[in-house]
Amino acid sequence: LRIFSTVRSVLDKEYSQGKGLEKRAKKLGLKDKTELLLPPVTSLVSCETRSRDWGDLVTIHKDHAFAYVWSSKRGAQSGPILRQDG
């Protein structure tokens, strides 16, 4: 996930799925960490209210049953992975 500013490049930010993807891929017997990366984002919502307490971005990914919570402060996944019905 990458957020960019059309006004100032200083505000650009790339979000991480967390440390240890390489190690986790090896443990699962996968060739490399790219097999663990999330599919493309199809929907994104953000809310700054109480963002200091929990994540302020939620993403939904193509052909994926979960919604992911991200923290713009940390620039990484934070908090629960939400299951979508259907």
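This report describes a few side-chain contacts and one surface patch in the structure above. The model is a predicted one.

One aromatic pair turns up when the whole structure is searched. Its members are Y15 and W70, arranged edge-to-face, with 6.1 Å from centre to centre and 85° between the planes. Y15 sits in the loop between β2 (13–14) and α1 (21–27), while W70 belongs to strand β5 (residues 66–71), so the pair ties together parts that are 55 residues apart in sequence. Both Y15 and W70 are buried.

**Salt bridge**

Side chains of opposite charge can pair when their charged atoms come close. A search of the whole structure gives one salt bridge. R50 and D53 form this salt bridge, and their closest N and O atoms are 2.7 Å apart.

**Nonpolar surface patch**

I3, V41 and L44 make up a nonpolar patch on the surface, and together they have about 210 Å² of accessible area. Of these residues, V41 is found in strand β3 (residues 41–46).

**Accessibility**

| Residue | Relative accessible area | Class |
|---|---|---|
| R50 | 42% | partly exposed |
| D53 | 39% | partly exposed |
| V41 | 37% | partly exposed |

V41 counts as partly exposed because its value of 37% falls between the limits of under 20% for buried and over 50% for exposed.

How values were computed:
Residues are numbered from 1 along each chain as its sequence is written. This is a predicted model: local features need pLDDT of at least 70, side-chain atom pairs count only at pLDDT 80 or more; totals for chains, interfaces and linings use all residues. Side-chain values use heavy atoms; hydrogens and water are left out. Patches are made of residues with over 30% relative accessible area and no salt bridge: like charges are joined within 9 Å, nonpolar side chains (Val, Leu, Ile, Met, Phe, Trp, Tyr) within 5 Å. Accessible areas come from the Shrake-Rupley method with a 1.4 Å probe; for residues, only the protein chains shown count as cover. A salt bridge is a side-chain nitrogen of Lys or Arg within 4 Å of a carboxyl oxygen of Asp or Glu. Helices (H or I, at least four residues) and strands (E, at least two) are DSSP runs, numbered from the N terminus. Buried means under 20% relative accessible area, exposed over 50%, partly exposed in between (1.4 Å probe, protein chains only). Rings of Phe, Tyr and Trp (its six-membered ring) pair if their centres lie within 6.5 Å; planes under 30 degrees apart count as stacked, over 60 as edge-to-face and the rest as tilted.
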